[in-house]
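Trainee: Please walk me through this model feature by feature. Give me the general idea each time, then the case at hand.

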Amino acid sequence: MKKFNNLFTILMVLLLVSCTMSAKPDPENNEKASKGEVVVLNKADFLTKVFDYEKNQDKWAYEGDKPCIIDFYADWCGPCKKVSPILTELAGVYKDDIVIYKINVDKEKELAATFGIQSIPTFLFIPAEGVPQVAMGALPREEFVKQIDSYLLGK
């Protein structure tokens, strides 16, 4: 828990000192999420769907209406490739309850830097209310299900 608190503090500091880049939201992402697909986010989508750190620099304020998981990944990453089908499956299984997003750290360097991503895959588990939890490394399906059911959905 102390490790999580330290990491979250670092993330919040990085949020406060992040710089600005312009990007346009992808309108297809809402449709993908409702179909139970993993949604790839760019910065503009992140600001509208997850957290607008440019406006809310003092505290975490989740923008979504469903809990979510964010997968910080890269196309060349072996462990990321192993986790990808698990996330795709879980996006379908939990399509009415959560949204699963992916952020390519090579294409969205500002987002990766803002959240202090230094190893991939890294996952943010974001409840509808409360602070995110961070997990690093390739997780097995059972761990994702446990985090979704207990932390995100409170079952």
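**Charges, strands and rings**

Mentor: Start with Asp-71, which counts as buried at 0% relative accessibility. Buried means under 20% relative accessible area, exposed over 50%, and partly exposed in between, using a 1.4 Å probe and protein chains only.

Trainee: What should I know about the model itself?

Mentor: It is a predicted model: local features need pLDDT of at least 70, side-chain atom pairs count only at pLDDT 80 or more, and totals for chains, interfaces and linings use all residues. Residues are numbered from 1 along each chain as its sequence is written, and side-chain values use heavy atoms, with hydrogens and water left out.

Trainee: Which residue does Asp-71 meet in a salt bridge?

Mentor: A salt bridge needs a side-chain nitrogen of Lys or Arg within 4 Å of a carboxyl oxygen of Asp or Glu. Asp-71 meets Lys-102 at 4.0 Å, N to O. Asp-71 is in strand 2 and Lys-102 in strand 3 (residues 99-104), so the pair ties together parts 31 residues apart in sequence. Strands (E, at least two residues) and helices (H or I, at least four) are DSSP runs, numbered from the N terminus. Lys-102 is also buried, at 11% relative accessible area.

Trainee: Over which ring does Lys-102 lie?

Mentor: The test is NZ of Lys or CZ of Arg within 6 Å of the ring centre and within 35 degrees of the ring normal. Lys-102 lies over the face of Tyr-73, 4.3 Å from the ring centre.

Trainee: How many salt bridges does the whole structure hold?

Mentor: The search finds four. In one of them, Glu-54 and Lys-43 meet at 2.6 Å, N to O. Glu-54 sits in the loop between helix 3 (43-49) and strand 2 (68-73), and Lys-43 in helix 3, 11 residues apart. Glu-54 is partly exposed at 32%, whereas Lys-43 is buried at 3%.
Another joins Arg-141 to Glu-89 at 2.9 Å, N to O. Arg-141 belongs to helix 6 and Glu-89 to helix 4 (residues 78-93), so this pair ties together parts 52 residues apart in sequence. Both ends are partly exposed: Arg-141 at 31%, Glu-89 at 36%. Shared partners join Lys-43, Glu-54 and Glu-110 into one salt-bridge network.

Trainee: Next, the sheet. What is the order of its strands?

Mentor: Two strands pair if DSSP finds at least two bridges between them. Here five strands make an open sheet in the order 1-3-2-4-5, with mixed pairing. Strand 1 (39-40) and strand 5 (133-136) are at the edges with a single partner strand each, so one side of each has no neighbour in the sheet.

Trainee: How do I read the two faces of a strand?

Mentor: In a regular strand the side chains alternate between the two faces of the sheet. Strand 4 is covered on both: Thr-122, Leu-124 and Ile-126 are buried on one side, Phe-123 and Phe-125 on the other. Five of its five residues are buried, so strand 4 is largely enclosed by the rest of the structure.

Trainee: Last, the rings. How many aromatic pairs are there?

Mentor: Seven. Rings of Phe, Tyr and Trp (its six-membered ring) pair with centres within 6.5 Å; planes under 30 degrees apart are stacked, over 60 edge-to-face, the rest tilted. Phe-46 and Tyr-53 have centres 6.2 Å apart and planes at 55°, so that pair is tilted. Phe-46 and Tyr-53 are both buried. Phe-123 and Phe-144 are edge-to-face, at 5.0 Å centre to centre and 90° between the planes. Phe-123 is in strand 4 (residues 122-126) and Phe-144 in helix 6 (residues 141-152), so the pair ties together parts 21 residues apart in sequence. Phe-123 is buried at 0%, and Phe-144 is buried at 0% as well.

Trainee: Which residues do ring pairs link into a cluster?

Mentor: Phe-46, Phe-51, Tyr-53, Trp-60, Phe-72 and Phe-115.
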